[in-house]
Amino acid sequence: MDMGRESRWKKDAMTVEIVFALVTAAVLAGVIFAIVWTLVLALDLSGSAERGVLVGGALFGAVAGVWRLVRVLLRFDDQRRMGH
């Protein structure tokens, strides 16, 4: 039959883990950007200061999101290799 191929369950688990990693990474990036945006509104920044802080917040959110994505997927790969 499917000797040597991953079972359907393993493929489904991998898909769920990828979606989980993507969703949590997007939520983390969004939360970080929302916090920075709230800070900009609270401090009443304008012009280039506002733009600079928002760009910095977007970059920080993106980096945090990618970090979360990689961390979740590497943890899943480690668990998969250990047989869990």
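Predicted model: local features only at pLDDT ≥ 70, side-chain atom pairs only at ≥ 80, totals over all residues.
In what follows, contact means heavy atoms within 4.5 Å.

Helix α1 covers residues 8–43 and helix α2 covers residues 47–82. The length of each can be checked against expectation. At 1.5 Å a residue, the 36 residues of α1 should span 52 Å, and the 53 Å between its end C-alpha atoms agrees with this. Helix α2 also has 36 residues, and the distance from its first C-alpha to its last is 53 Å, close to the expected 52 Å.

How are the two helices placed relative to each other? Two packed helices are described by the angle between their axes and the distance between the axes. Here the axes of α1 and α2 come within 8 Å and cross at roughly 160°. Angles over 145 degrees count as roughly antiparallel, and α1 is therefore roughly antiparallel to α2. The crossing of the two helices is right-handed. Sorted by class, the residues in the contact of α1 with α2 are 24 nonpolar, four polar and five charged.

The next step is to ask which residues of each helix are buried. A residue counts as buried when its relative accessible area is under 20%. In α1 the buried residues are E17, A21, T24, A25, I32, V36 and V40. These buried residues pack against α2. In α2 the buried residues are L54, G57, G61, A64, G65, R68, V72, F76 and D77, and what covers them includes α1. An α-helix has 3.6 residues a turn, so residues three or four places apart point the same way.

Leaving out residues up to four places away in sequence, F33 touches L54, G57 and A58. Of these, L54 and G57 are among the buried residues of α2. F33 and L54 are 21 residues apart in sequence, and their C-alpha atoms are 7.6 Å apart in space. V27 is also in helix α1; with a relative accessible area of 49%, V27 is partly exposed. From V27 to M82 there are 55 places in sequence and 29 Å in space, C-alpha to C-alpha.

Between α1 and α2 lies a loop, where D44 is found. For comparison, most residues other than glycine have a negative phi. D44 follows α1, and at 66% relative accessibility it counts as exposed. L45 lies in this loop between α1 and α2 as well. Is L45 buried, exposed or partly exposed? Its relative accessibility is 27%, so L45 counts as partly exposed. Apart from neighbours within four places in sequence, L45 is in contact with V40, E50 and V53. V40 is one of the buried residues of α1.

Technical notes
Residues numbered from 1 in each chain as written. Heavy atoms only, no water. Axes fitted to C-alpha atoms, helices over the stretch in contact; angles between N-to-C directions. Helix = DSSP H or I, 4+ residues; strand = E, 2+ residues; numbered from the N terminus. Parallel < 35°, antiparallel > 145°, perpendicular 65-115°, else oblique. Left-handed = near helix turned anticlockwise from the far one by under 90°. Nonpolar A, V, L, I, M, F, W, Y, C, P; charged D, E, K, R; others polar. Expected span 1.5 Å × (residues − 1). Buried < 20%, exposed > 50% of the residue type's maximum accessible area, 1.4 Å probe, protein only.
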